[in-house]
Amino acid sequence: MKRFADLNLRAPIEDMNKTENMVRKASELGYSLVAIPLPFNIAKEQISQLRKLCSEEKLHFAARVTFAPKSSNELLQSLRRYRRKFEVIAVRCDTKDVARQAAKDRRVDLLQFSVTSLRKRFFDEAEAELASQALASLEIELAPLLQLTSISRVRLLSRLTREVATATRFKVPVTVTSGATEELLMRGPHDYAALTTLFDMRLSSALGTLSDNPWGIVERNRKKLSADYVAPGIRVVGRLADD
Amino acid sequence: MIKREKRRYLALTVVTEQPPSEEAVLDAVQASIHRLFGEYGASRANLRLIKNRTEKGQIVVCCSHKALEQVRAAIASTTVIDGKVGAVHMLGVSGTLKALSKKTETN
């Protein structure tokens with residue numbers, strides 16, 4: 001049985017009641033992992049509180065941060081500072097410079113692009129080639145697809161169809177997330193999979209974008225963040241007691 | 001002999017501030033199908049209301065099995081029901097009403 005994940009549940013963490021309701025809803029809808037975007041300066045106690053809240057609903061929790069840097073230098077600085085604090089790192093690419101840097105950096109997990117300004121979506125062939133050699137995955141948020149109407153939705157669908165085809169051609173993994181800011185925008189994983197067929201994704205791959213790909217990102221990062229991790233392929237398997 | 005069209009039965013639940021009528025839900029989903037797939041798509045979907053399980057707060061609709069994914073996408077993209085903000089969630093899908101009620105009871 002597939003384990004589904006939502007790597008972008010935008011719950012308002014300042015309102016714990018609302019967050020609790022959204023986490024409960026995610027559990028009811030059949031997710032087994034949620035990642036909530038958090039501010040950089042969040043205290044570790046608050047992360048533990050969210051982890052506890054999710055475990056009460058039998059959900060795994062992953063701490064996520066979304067960087068929106070103005071330049072590639074700013075992105076590098078943020079990655080250096082915060083990579084070890086969060087399990088999922090997403091980069092909002094609003095300039096080409098940032099998009100290219102994020103695509104080739106192995107510390108970036110998700111590449112996010114604007115949904116309102118399509119000129120700022122830089123996921124072209126060059127970007128896909130860079131991403132295919134690193135670990136970054138293309139993030140597709142589905143809440144905007146539900147909120148947009150008429151021509152803006154048509155344009156977004158058309159752009160997503162093109163981007164998914166490019167990602168498939170260059171073997172860049174795609175991760176579908178909800179991006180839901182409230183309960184009414186949340187949908188079940190099978191519903192999201194059906195929505196992804198609107199941009200010509202096969203149903204089997206669509207289910208993978210909601211389960212295998214996000215779980216792969218979180219498990220890979222959890223291994224790297226564990227105290228036993230040394231380098232790729234090297235980890236501590238046991239420690240000898242000091243005499 | 002003409003082959004009988006296969007159907008899929010879908011159990012739906014609606015989340016809104018005030019519970020809407022089943023016709024309003026069906027209209028909202030029909031409008032969503034129309035918006036996403038046009039008149040041709042709507043005709044292929046052949047969406048119909050089967051029954052309203054009021055005691056459980058569920059609505060059962062049926063559609064052509066060939067258009068199941070389109071109907072699912074349309075259900076997921078429904079955000080306005082009877083002029084009010086809401087959402088429609090699918091609880092289960094099956095080829096027979098008997099199997100559907102078994103499925104939704106176990107969930």
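A quick word on axes before you start: each one is a line fitted to C-alpha atoms, for helices over the stretch in contact, and angles are taken between N-to-C directions, from 0 to 180 degrees. Keep in mind, too, that this is a predicted model.

**Stop one: two helices in chain A.** Select residues 96-104 of chain A, which is helix H4, and residues 125-133 of chain A, which is helix H5. Their axes are 7 Å apart and meet at an angle of about 25°. Angles under 35 degrees count as roughly parallel, and H4(A) and H5(A) are therefore roughly parallel to each other. Now show the side chains: from H4(A) you have A:Ala99, A:Arg100, A:Ala103 and A:Lys104, and they meet A:Glu127, A:Leu130 and A:Ala131 of H5(A). By class, that contact has four nonpolar residues, three charged ones and no polar ones.

**Stop two: the sheet of chain A.** Next, colour the strands of chain A. Seven of them form an open sheet with parallel pairing, in the order S1-S2-S3-S4-S5-S6-S7. Look to the edges for S1 (4-6) and S7 (174-177), each of which pairs on one side only. On average, neighbouring strands here are turned by 30° against each other, direction ignored. Zoom in on S3 (residues 60-67) and S4 (residues 88-92) of chain A, a parallel pair joined by four bridges. There you'll find A:Arg64 opposite A:Val88 of S4(A).

**Stop three: the nonpolar core.** Keep A:Val88 selected, as it is among the residues that touch the most other members of the largest nonpolar core, which has 94 residues. B:Leu12 is another of that group. Helix H1 (residues 22-45) of chain B supplies the largest share of this core, with six residues. What does B:Leu12 touch, leaving out residues up to four places away in sequence? Its contacts include B:Val25, B:Ile59, B:Ile75 and B:Met90.

**Stop four: strands of chain B.** Select S1 (residues 7-16) and S5 (residues 84-94) of chain B, an antiparallel pair with eight bridges. B:Thr16 has B:Gly86 of S5(B) as its bridge partner. S5(B) also pairs with S4 (residues 80-81) of chain B, antiparallel over two bridges, with B:Val80 partnered by B:Val85. In the hairpin of S4(B) and S5(B), two residues lie between the strands, and B:Asp82 takes a positive phi near 55°.

**Last stop: where the chains meet.** Here 11 residues of chain A are in contact with 14 residues of chain B. On the chain A side, helix H8 (residues 189-196) gives the most, with four residues. That side has seven nonpolar, two polar and two charged residues.

Technical notes: Residues numbered from 1 in each chain as written. Chains lettered and ligands numbered in written order. Predicted model: local features only at pLDDT ≥ 70, side-chain atom pairs only at ≥ 80, totals over all residues. Contact = placed C-beta atoms within 7 Å. Nonpolar A, V, L, I, M, F, W, Y, C, P; charged D, E, K, R; others polar. Parallel < 35°, antiparallel > 145°, perpendicular 65-115°, else oblique. Core = buried A, V, L, I, M, F, W, Y, C linked by C-beta atoms within 7 Å. Buried ≥ 20, exposed ≤ 12 C-beta atoms within 10 Å, placed from the backbone. Pairing = 2+ DSSP bridges.
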